[in-house]
Amino acid sequence: MSQGPRSGLAAVSAALLAMSRHLEVRDVLKTIVASARELLDAQYAALGVPDDHGGFAQFVVDGVSDEQWQAIGPLPRQHGILAAMLHEARAERLADLREDPRFEGWPAAHPEMSDFLGLPIRDGDEVIGALFLANKNCERPRDGCGFTEEDEELLAILAQHAAIALTNARLYERSRELTIAEERSRLAHELHDAVSQKLFSLRLTAQAATALVDRDPARAKGELQQVAVLAAEAVDELRAAVVELRPAALDEDGLVATLRTQIQVLDRAHSARVTFTTRGIRALPAAQEEAMLRVAQEALHNALRHARADHVDVTLDRRGYGAVLRITDDGTGFDPKAVRRAGRHLGLVSMRDRASGAGGRLTVESEPGKGTAIEMEVPGG
């Protein structure tokens, strides 16, 4: 096996366990690439998921800084060695990539690569990705210090498990999309069957009242009273539909237990450490609990999916008769003013609206490279 710092069965096991912890495709891809680079002790690693148009739907790298990656430019096309791995579904192990006749060069900002090891990731007969490494780390002279046959065997094991992890992640995301679509469809049908019928009846009754106002005021008054009844029923139907959108766990378990459960799931599903602490919280009005849950979900999503945080901490503390929710991360951070100027909101508008609608306030503290802190305070009942 590889002579890297974490060679051996324990390292392979750790890599496979890390892949199995993630549920979302992007997180799985990042874990596969980082695990491969560490296991085989390479300077660079990448994984490309092809699209149907000669390019890549996703392309994840490890060992290249964010600045380098931005300078390199657009995602690569399916060409050269990458195309060979995808189309011929075979491994490629080269002493010097640059000397291969299929080598087509790279952008000026691209790092120099020499020795190369790549494998297709296959799900049955379908090639769903290409995983490759470059520049084996070695203390010996460059001669004879490339990837070995044992390295190739190890990467093949990793690629097999990567296919399983990637397929499972795709199935999870598809299942989640179907669940959301089914719920939206159900609510649409309920709104159409109940509320729209009420509104249709209300409109007809109002038209009848309008026609009767001059010639039969007494009957018009009765029709208008019916309009009021129908309007009240429509409001009740809408309220019932909105209640169904409120997370069931929130009604059953309350805000603290619901947050704790969701954060435990996120901690298991992501490589970042996600923690939750709470002190002195009592039950809050339903609207405030739902608003705080939604703000926490949005902030956690930003920290884990966009800020590339290693640690996210959520605290929920009592403050007077109310409560304060705080989500902090050590991610990339951002300039809130620049975000607004660029027309990107990262969910900040939605979070502020939720806080305001619950009678609370939201504050955001962030700087590029210094993480983010989002705090929501509500006054309580």
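Predicted model: local features only at pLDDT ≥ 70, side-chain atom pairs only at ≥ 80, totals over all residues.
Visitor: What is the strand order of the open sheet of five strands?
Guide: The pairing in this sheet is mixed. Its edge strands, each pairing on one side only, are strand 6 (273-279) and strand 9 (361-366). Neighbouring strands are turned by 10 degrees against each other on average, direction ignored. The order is 6-7-8-10-9.

Visitor: What angle does the direction of helix 10 make with that of strand 9?
Guide: Helix 8 (residues 286-305) packs on the sheet and touches strands including strand 7 (311-319) and strand 8 (322-329). The direction of helix 8 makes about 5 degrees with that of strand 8. Helix 10 (residues 348-357) also packs on the sheet, touching strand 9 and strand 10. With the direction of strand 9, that of helix 10 makes about 150 degrees.

Visitor: Why is strand 1 (residues 42-50) largely enclosed by the rest of the structure?
Guide: Buried means under 20% relative accessible area. Strand 1 is largely enclosed because of how many of its nine residues are buried: seven.

Visitor: Which residue is the bridge partner of Ala46 in strand 2?
Guide: Strand 1 pairs with strand 5 (residues 126-136) in the antiparallel sense over six bridges, and there Gly48 has Ala130 as its bridge partner. Strand 1 also pairs with strand 2 (residues 56-62), antiparallel over six bridges. In strand 2, Ala46 is partnered by Val61.

Visitor: Which residue takes a positive phi in the hairpin of strand 1 and strand 2?
Guide: Five residues lie between these strands. The one with a phi near 85 degrees is Gly54.

Note on methods: Residues numbered from 1 in each chain as written. Heavy atoms only, no water. Pairing = 2+ DSSP bridges. Helix = DSSP H or I, 4+ residues; strand = E, 2+ residues; numbered from the N terminus. Axes fitted to C-alpha atoms, helices over the stretch in contact; angles between N-to-C directions. Contact = heavy atoms within 4.5 Å. Buried < 20%, exposed > 50% of the residue type's maximum accessible area, 1.4 Å probe, protein only.
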